[in-house]
Each structure stands twice: as C-alpha cells, then as structure tokens.
Amino acid sequence: MAELQLSVPLGPPRRARPWIKNLFGTPGNALITMFCVLALVLLAKIAIGWLLIDAVFTGTPADCKVGSGACWPFLGAKLRYMIFGFYPYEEQWRPLAALLLFLGAALVSMVPRLWSRGLLLVWLIVLIPALYILMAGGVLGLSAVPSSKWGGLPLSFMLSFIGLAAAMPLGIALALARQSDLPAIRVLAISFIEIVRGVPLISLLFLATVMLPLFMPEGVTIDKLLRAQVAIILFAAAYIAEIVRGGLQAVPKGQIEAGNALGLHYWLIMRKIVLPQALKKVIPPLVSLFIGFFQDTTLVTIIGLLDFLDTVRSALRDPDWQGIAVLEGYLFAAFVYFTFSALMGAYSRFLERYYRTTHD
C-alpha cells in the first residue's frame with residue numbers, strides 16, 4: 001500500500017485587487033487613469049494657489065486685487081449678514097440660539113431608539129414654541145421682530161425642515177387615500193396629487209402670496225412667511241404621497257390578508273404591519289426629496305423672502321465688494337448646502353443599515 005504523503009498546508013489565498021486591474025489593466029485604462037490623475041493634480045494646484053497661497057486673509061476691499069487669490073476678508077465682513085439677513089444686528093444672538101437649538105434637537109431626534117410620542121410632544125409643545133419666541137419675540141422681554149426681517153440660514157431651515165416634517169403625515173394620508181376603496185376619497189386624493197405635481201413650486205408660491213389674500217375676508221391678513229410655508233407643505237405632500245404609494249405597493253398583499261385573518265381592523269393593519277415596511281423601503285427616495293426641497297427654498301426669493309442664497313447674493317452686490325469677491329460668496333453657499341445635503345445622505349444610509357440589521 002502506497003505511503004500516504006501529508007500535503008503542505010497552504011496559506012490563505014492572496015486577495016485580489018480588482019481596482020488595480022480596472023485602473024491599469026489595459027493600455028487604454030492606464031492612459032485614461034494617468035490623464036485623470038494629472039488633471040486632478042493640476043486642478044488641486046490651481047485651487048490651493050487661489051484658496052491659500054495667493055489669497056488675502058485680512059484687510060479691506062482695497063487689499064484684494066481683482067484676478068489674484070481669494071478675498072477672505074469678504075466672508076469676515078459679510079458672514080453675519082449672509083447667515084441672518086436683515087435681522088436686527090444687536091438681536092442676532094436670538095436666531096443663532098434658535099438655529100443651535102434646532103440643530104441640537106434635530107441631532108437628538110435622529111436616533112431611532114428615541115422615536116416616540118413623547119419626542120413628538122416635546123417638539124410640538126416645547127421646541128417649536130421656543131423657536132418661534134426666539135425669532136419673533138414680543139414676550140419674555142424680547143423685542144418684537146416681524147417675519148419680514150427674518151432671513152438667511154434660519155429661514156431656509158424653517159421653510160424646508162419644518163415644511164417637510166408637516167408634509168410627511170399629509171403625504172402618508174394622501175397615499176392611503178389614493179388606494180382607498182371609497183371612490184370619492186380616491187378621486188379627491190388623485191386630483192390633488194396630480195394637480196399639485198403638475199405645476200411648478202413657483203406657481204404655488206405666487207398663488208399663496210398673491211391670490212390667497214384676495215379670498216380672505218376684509219381686514220384679515222396672513223403672514224407672507226406662513227403662506228409660503230403652507231405652499232411648500234402642500235407641494236411636498238403631493239410628492240411624498242407618490243413615494244409612499246410606491247412603498248405601499250411593494251408590501252406583499254399577504255401581509256394585509258394575514259392581518260385580516262387575525263381580526264385586525266384597517267388602521268391597525270396599516271399602522272402596525274404595512275406602513276413600517278413601506279416607509280423602510282422608501283427611505284432613499286424620501287431623503288433625496290428632502291435634499292431637493294432644502295435646496296429649492298431658494299425660490300422663495302421671488303415672493304420677497306430673503307433666504308440664505310439670496311442673502312449671499314445681496315452681500316455680493318455691496319458696492320464696496322462688488323466685482324472684488326464673487327466666487328467667495330458662492331463657494332461659501334455651496335459649502336453650506338453641500339454639507340447639510342451630505343449629512344442627510346449619510347443619515348439615509350445609516351437608517352438603511354439600521355433597519356436592515358434590526359428589522360429584517
């Protein structure tokens with residue numbers, strides 16, 4: 001009988017590096033990779049030279065030469081105006097406090113384990129009234145500031161995040177109504193969704209600002225900011241309804257039939273079985289919608305509200321800085337929008353991982 005020979009144990013297989021093959025696998029890929037690397041290096045050299053090496057960090061408009069590096073004194077001189085707009089200068093600690101309070105509360109509310117009715121009541125009873133008191137004043141010794149003086153970043157956050165938070169339950173209700181077995185409710189929901197989605201947001205803003213006061217009783221006026229907020233809520237609700245409807249259709253009908261077999265009524269089936277699964281499936285498109293609406297708040301400038309981007313434009317039109325600092329203001333605005341959009345995208349991915357690992 002032949003003697004058995006023990007085989008020498010082999011080590012773990014070497015990890016393949018497909019990215020090297022993708023970048024340099026063929027002469028064409030290698031040429032494209034080298035070209036892209038050189039282009040990035042050249043762009044980085046130009047950007048560093050403009051942002052840092054040739055830039056002016058202190059001084060006056062006269063110290064900034066047209067065609068040289070970045071003029072950072074512009075941001076130092078106009079930063080408070082770009083963030084807070086025409087809000088009284090000596091009272092700008094109030095929108096700053098409101099902004100920090102909102103961001104802190106939003107950060108805490110992003111933890112899924114804290115989601116409860118208690119958290120919702122804290123927002124409705126404590127946080128929103130506190131934010132309004134800080135911005136509007138008129139009580140607790142704070143001077144009154146009309147909404148026409150509100151602007152900048154706090155206004156953009158208010159219109160987008162509060163508007164989308166209020167539009168979410170309305171959008172869910174419209175999605176459920178569109179799938180209702182009652183023809184009247186279904187037709188009304190479909191009509192509202194299709195009409196609102198068939199017109200641009202600018203049209204609704206004009207309608208809320210110009211046409212709505214014509215239908216109000218004599219002597220009754222509605223604040224322009226509130227009218228714009230209502231228009232944004234209705235517009236966002238129509239889009240949220242269609243996204244949620246897609247999630248509802250993705251839930252197997254067997255889930256509903258199982259709920260009926262257990263004797264559960266319609267609303268309990270929707271709240272406990274269908275909606276949790278549907279909303280989990282539509283997290284990416286919902287967050288994409290939220291990012292788009294956060295950026296679309298710039299449209300309110302058409303009806304006379306000074307949002308963050310418009311305060312940046314107004315700062316660039318200052319005669320002392322006009323023609324000297326142009327890219328600096330827009331780069332600052334792009335940085336702010338990109339930062340919050342990237343954070344919302346990261347939070348979307350976190351929610352997807354959370355629900356995939358804890359609720360599958």
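**Figure 1. Cover over the buried residues of helix 8.** In this predicted model, helix 7 (183-197), helix 9 (224-250) and helix 12 (283-296) are among the elements that cover the buried residues of helix 8. Helix 8 spans residues 201-211. Its buried residues are Leu201, Leu204, Leu205, Ala208 and Thr209. Seen down the axis of helix 8, these buried residues fall within an arc of 125°, so they line one face of the helix. An α-helix has 3.6 residues a turn, so residues three or four places apart point the same way.

**Figure 2. Packing of helix 6 against helix 11.** Two packed helices are described by the angle between their axes and the distance between the axes. Here helix 6 (residues 152-178) meets helix 11 (residues 266-281) at about 110°, and the axes lie 13 Å apart. Because angles of 65 to 115 degrees count as roughly perpendicular, helix 6 is roughly perpendicular to helix 11. The crossing of the two helices is right-handed. Helix 6 contributes Met168, Ile172 and Leu176 to the contact. Helix 11 contributes Tyr266, Trp267, Met270, Leu275 and Leu279. By class, the contact of helix 6 with helix 11 holds eight nonpolar residues, no polar residues and no charged residues.

**Figure 3. Leu140 in the loop between helix 5 and helix 6.** Leu140 sits in the loop that lies between helix 5 (117-136) and helix 6. Its phi is positive, about 55°, although Leu140 is not a glycine. Most residues other than glycine have a negative phi. Leu140 has a relative accessibility of 75%, so it counts as exposed; the cut-off for exposed is over 50%.

Key
Residues numbered from 1 in each chain as written. Predicted model: local features only at pLDDT ≥ 70, side-chain atom pairs only at ≥ 80, totals over all residues. Heavy atoms only, no water. Axes fitted to C-alpha atoms, helices over the stretch in contact; angles between N-to-C directions. Helix = DSSP H or I, 4+ residues; strand = E, 2+ residues; numbered from the N terminus. Parallel < 35°, antiparallel > 145°, perpendicular 65-115°, else oblique. Left-handed = near helix turned anticlockwise from the far one by under 90°. Contact = heavy atoms within 4.5 Å. Nonpolar A, V, L, I, M, F, W, Y, C, P; charged D, E, K, R; others polar. Buried < 20%, exposed > 50% of the residue type's maximum accessible area, 1.4 Å probe, protein only. Arc of directions from axis to C-beta.
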